[in-house]
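Here is a short note for someone opening this entry for the first time. Please keep the sequence and the 3D view at hand while reading.

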Amino acid sequence: MKEEKGEDDGKANPSTMNSESTEPDDEKERPVRVYADGIYDLFHFGHGRALEQAKKLFPNTYLLVGCCNDEITHRYKGKTVLTDKERYESLRHCRWVDEVIPDAPWVITPDFLEKHQIDYVAHDSLPYADASGAGNDVYEYVKSVGKFQETKRTDGISTSDVIMRILKDYNQYVMRNLARGYTRKELGLSYVKEKRIRMNMGLKKLKEKVKQQQEKAEEKIQTVAKTAEMRRNIWVENADRLVAGFLEMFEEGCHRMGTAIKVRIHEQLKRQQSIGFIYDDYYYDEEDDGGYTFDNSNEEEEEEEFVMI
């Protein structure tokens, strides 16, 4: 009964509204008093949208919101996360709510409607079994007298869904609270369970660090690969120019080296020829103290040839 009551998508169903009978003729200036009820545990935007729809059912609406206390809620539905006082206070801070009715009844009765001068009751159209045994549907009476206005639920959000998300990541939330200074006794943990959770979270952090290092290494490898690819593309694009330049430099260097070699050989030949001429003009005279004597016979022969001519 009343499971996640009032978690709607913000759009009222106009098909359920009768514009001709919404307001009595003698009370047109009086705001239409609309009542919405529920548990409203862990108040979320699904609750807010449901109350927004109820508030916007009529141009001039006074929205009353009833909330069941802990005793009746725990008896018919189960344990709540927030206490009834906390749930009342959450509703008082909703912009669409004009009045909060604490200790609301589980099943709406004619006396309750009369006491609070309620014109309509707003809720989604799903039937809610009456766990108290008073009837088949908690809204059976208001539907029978034509005072029920339908609202739409918001898919994907409910108090049960929020609790399931917490239970799914239970260890993470426990570790977060331990890190914030909560004791294991405050969290209802045994010594062994606390150590096991800490160890598991430590292993998880280690895995995350290893994964981060792997991702960094992969990024560096990709960077190096991209750089190498860019350099290879540059080489391919400029290969002809680079090779031609190298060959030109090589040819020029070879030409310079060849020229230098030729010059050195020519200088060596000239030096050797000069030394040969000097030795040809002198002969060694053993009889004359073993020294060298200048041989001028060639000059005399040349002079004789000149005279004969």
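The points below go from the whole chain to the sheet, its helices and the cysteines.

1. Basis. This is a predicted model, in which local features need pLDDT of at least 70, side-chain atom pairs count only at pLDDT 80 or more, and totals for chains, interfaces and linings use all residues. Residues are numbered from 1 along each chain as its sequence is written, and side-chain values use heavy atoms, with hydrogens and water left out.

2. Overall make-up. The protein has nine helices and seven strands. These are DSSP runs numbered from the N terminus: helices are H or I with at least four residues, strands are E with at least two. Of the 309 residues, 29% are buried; that means under 20% relative accessible area, with exposed over 50% and partly exposed in between (1.4 Å probe, protein chains only).

3. Surface and contacts. Among contacts (heavy atoms within 4.5 Å) with a separation of 6 or more, 71% join residues 24 or more positions apart.

4. The sheet. Five strands form an open sheet in the order β3-β2-β1-β4-β5, with parallel pairing. Two strands pair if DSSP finds at least two bridges between them. β3 (99-101) and β5 (148-151) are the edge strands; each has a single partner, so one side of each lacks a neighbour in the sheet. Neighbouring strands are turned by 30 degrees against each other on average, direction ignored.

5. β4 (residues 120-124) pairs with β5 in the parallel sense over four bridges. V121 has F148 as its bridge partner, and A122 has Q149. Both faces of β5 are covered: F148 and E150 are buried on one side, Q149 and T151 on the other.

6. Helices on the sheet. α1 (residues 45-55) touches β1 (32-38), β2 (61-67), β4 and β5, and its direction makes about 140 degrees with that of β2. α3 (residues 84-92) touches β2 and β3, at about 165 degrees to β2. Axes are lines fitted to C-alpha atoms, for helices over the stretch in contact; angles run from 0 to 180 degrees between N-to-C directions.

7. Cysteines. How many disulfides are there? The count is zero, a disulfide being a pair of cysteine sulfur atoms within 2.5 Å. For C68, the closest cysteine sulfur is in C67, 6.5 Å away and too far for a bond. C68 is buried, with a relative accessible area of 0%. C94 is buried too, at 10%.
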